[in-house]
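I opened this notebook to keep track of what I looked up, element by element. The entries follow the order in which I went through the model.

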Amino acid sequence: MLGQTVSVVTDITSASLEELLAEARSLRPGRLVTYSPKVFIPLTTLCRDVCGYCTFARPPRRGERAFMTEEDVLAIARAGAAAGCREALFTLGDKPELRYKVAREELAALGCETTLEYLERCARLVLEETGLLPHLNPGVMTRTELDALRPVSASMGIMLETTAERLGAKGGPHWASPDKLPARRVETIRLAGELRIPFTSGILIGIGETREERIDALLVLKALGEEHGHLQEVIVQNFRAKPSTRMASHPEPALDDHLWTIAVARILLGSSWHVQAPPNLAFDDFPRLLDAGIDDWGGVSPVTIDHVNPEAPWPELERLAEATRSRGLELAPRLPVYPEYIDEQWLDPAAVPFVRRASDAVGLARDDTWAPGDPVAPPFVVRRDAAPLELNGHELGEDEITRLLEARGEEAQRVFAVADCLRREVCGDEVTYVVTRNIQYTNVCYFRCGFCAFSKGKLAANLRGAPYLVPLEEIVRRSEEAWERGATEVCLQGGIHPAFTGDYYAEVVRAIKEAVPGIHVHAFSALEIWQGAATLELSLEQYLGWLGELGLGSLPGTAAEVLDDEVRRVICPDKVTTAQWLSVHDAAHRVGLRSNVTLMFGHADTPRSWARHLLRAREQQRLTGGFTEFVPLPFVPMEAPIYLQGRARRGPTFREALLVHAVARLALHPEITNIQASWVKLGPEGTRQALDAGVNDLGGTLMNESISRSAGAAFGQELPPERMEELIRSAGRVPRQRTTLYDDAPKERVGASFGAEPLAEPLNPPVNDAGLVAPPRLVRPGLLAAAGER
């Protein structure tokens, strides 16, 4: 290993700048270049060190506070949160209380003994009050100090700057600055690694070090990172001379020298490391930093200045994005902690929920404030003039689907465009919908789905609404009322009451079909079917065949959630597994029942999870051909337990939601031709955008909707045909009322559906009135599968 390093260093020192730049660019990881939208919080500018180049640190001034107040800290953080920032960068002088009496006195008045104690308090305030994620740069720290700050931060950092001890001699830049001794800084970085703290470090060039010393510092950082895995990025920062400092007349490094050092850092560290260079310190030449292989711009603030380099304003985000695009790259916001570190192995349990809520599906910063079910305008519109992405014509595999699902910026618009071209080719300009009524017959459920805010039970006693069980006669009444209002379908789902057996579901179907023989019964998820068959000790085919004889018309694809058992173990561990869900729908198709396939996404999953789900749906469709449509269901987070507990993201971003619809159109073609959008979750405006991203169906009018509303969705219970068709026409499309199986709705049904009378108040009596008794052993298919049982 040492021999390889010596060889690389030899090659570096003998190579031309252009050769180094080309090699560095080839090692840049991927097409994304990130930045962290941040606010800069200078908690104190007092410092016991007196670096020769620094204007940030300064001695006390009469009449000025030594530390920012908590109110001032929060004011900056709140302004940053309002401006879309994700990071609160706390920068401060190193242990000023060891040098200045005024610092000790002010800390005492604040009830603190040390600066780091006050930093911990302020970081906690920012995290809990604003959701901004603190990144802490307080200087040299002990193990105890690092550990104390871990619960209130997403990441920390200290610049190594240099390993050249001679720069601390009298007259040098680090003279009289005990915290700039390289060994002390290396020790802090090492301790952070032992504590598994995501950490940032870097070098400062142009302060008198040689190129060999720069290489030595980079190799020290590389060794520390390889030993502990905690160095999430290395910054290559260039010295800028500042008036009124000892180094005011010191020459600054030339741009080519900076580019050389960045390229060397990339080559030495390799493609698995993140390499950053601050754009503001290169002024108008900042786009050239990309030519040296960086993949991160560092923190950029729309609110605060760079207090360490106040003479160097950050470039406008649009300039940053334009420069990034000019190199064929895409700009993306990130969090102060990189995606590789977003888990309990690296983050303190107290910080994990805040990080998850701020992250998107790949662990970068959410690029909008939209959430499913939230009545806010979509953050962007689908461009109808975007050039469709060129695909190579062969069937998409897992890696390609994942790549498309992660598209951003212009590439995302091109994915929407190619999906919509395919939609137009396959489906024309018709947009279909079905007049249906949702009937959720109980909210009592003994399963432990972390995303569900609808069910009631011992594990969900704090959720919305009292536990109820709809009587059979009320289910029939609602079905008759739906028929009177033009419905061709009733959709029945609910919780799994512990006393339910397969006979219950059969009785529901029988009663509805006896009362309303013309209505299509679209009912029971794979979980209900599995549980019903198991309680009667019937095979899936036997049970589904019996239900079909009684009048069951088709199955909804719910309970699919994400067909990836790694995710299911987090969100619904005792529910049906991926294989069990597929086996239910396989059996349904084989006995002549149709069904659809859903994807509930945006929680503890990833784009690769979604890709696997799409591939499993495609494979099943090839086997049995029974899926009528694919239905993406964005996770509504507001009241979901898994979100409130900090174990899930805040649903998909709007970009991710549209990409799932668009990529489904591409990945499932030609096996599944209907792609549906959920107006309950996307809202009317979001649905209109989805219609330009490959969608050709808007599902049902619903009449009643409880599940999404229980989770916090605010888009109502019904979108009647009048409004449904108005929405479709506003998108320049042609509405068509359909049946469950995509035939034209009979004219008589269509006529009855317009101008329908208001619904009567539904009856949801308390479950205790039902007199049901639970059996001694409950069916939990997910746990049975985990234990190796059938």
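**Ground rules.** I am working with a predicted model, in which local features need pLDDT of at least 70 and side-chain atom pairs count only at pLDDT 80 or more, while totals for chains, interfaces and linings use all residues. Residues are numbered from 1 along each chain as its sequence is written, and side-chain values use heavy atoms, with hydrogens and water left out. I take helices (H or I, at least four residues) and strands (E, at least two) as DSSP runs, numbered from the N terminus.

**Entry on H16 and H17.** I looked up how helix H16 (residues 526-536) packs on helix H17 (residues 540-550), and found an angle of about 105° with the axes 9 Å apart; axes here are lines fitted to C-alpha atoms, for helices over the stretch in contact, and angles run from 0 to 180 degrees between N-to-C directions. That makes H16 roughly perpendicular to H17, a term that covers 65 to 115 degrees. For the contact (heavy atoms within 4.5 Å), I noted Ile529, Trp530, Gly532, Ala533 and Leu536 on the H16 side, meeting Leu540, Tyr543, Leu544, Trp546 and Leu547 of H17. The residues of this contact divide into nine nonpolar, one polar and no charged, where Ala, Val, Leu, Ile, Met, Phe, Trp, Tyr, Cys and Pro count as nonpolar, Asp, Glu, Lys and Arg as charged, and the others, Gly among them, as polar.

**Entry on Arg485.** Is Arg485 buried or exposed? I found that it counts as buried, at 9% relative accessibility, given that buried means under 20% relative accessible area, exposed over 50% and partly exposed in between (1.4 Å probe, protein chains only). Arg485 is placed in the loop between helix H14 (472-484) and strand E12 (489-493). Leaving aside residues up to four places away in sequence, Arg485 touches Val435, Met703, Glu718, Ala752, Ser753, Ala756, Glu757, Pro758 and Leu759.

**Entry on E11.** Next I checked strand E11 (residues 436-440), where five of the five residues are buried, so the strand is largely enclosed by the rest of the structure. Thr436, Asn438 and Gln440 point one way, whereas Arg437 and Ile439 point the other way. E11 pairs with E12 in the parallel sense over five bridges, pairing being called when DSSP finds at least two bridges between two strands, and Gln440 stands opposite Gln493 in E12.

**Entry on the three-stranded sheet.** I then followed an open sheet of three strands in the order E17-E10-E18, with parallel pairing. Strand E17 (697-700) and strand E18 (734-738) are its edge strands, each pairing on one side only. Strand E10 (residues 430-434) is joined to E17 by two bridges, and Thr432 stands opposite Asp697 in E17.

Helix H19 (residues 578-590) is mostly covered, with 10 of its 13 residues buried, including Trp581, His585 and Asp586. Just after H19, Gly592 takes a positive phi of about 95°. In H20, the buried residues include Trp610, His613 and Arg618, and what covers the buried residues of H20 includes H19, strand E15 (594-601) and helix H22 (654-668). Gly625, which follows H20, likewise has a positive phi, near 65°.

Terms used. Parallel < 35°, antiparallel > 145°, perpendicular 65-115°, else oblique.
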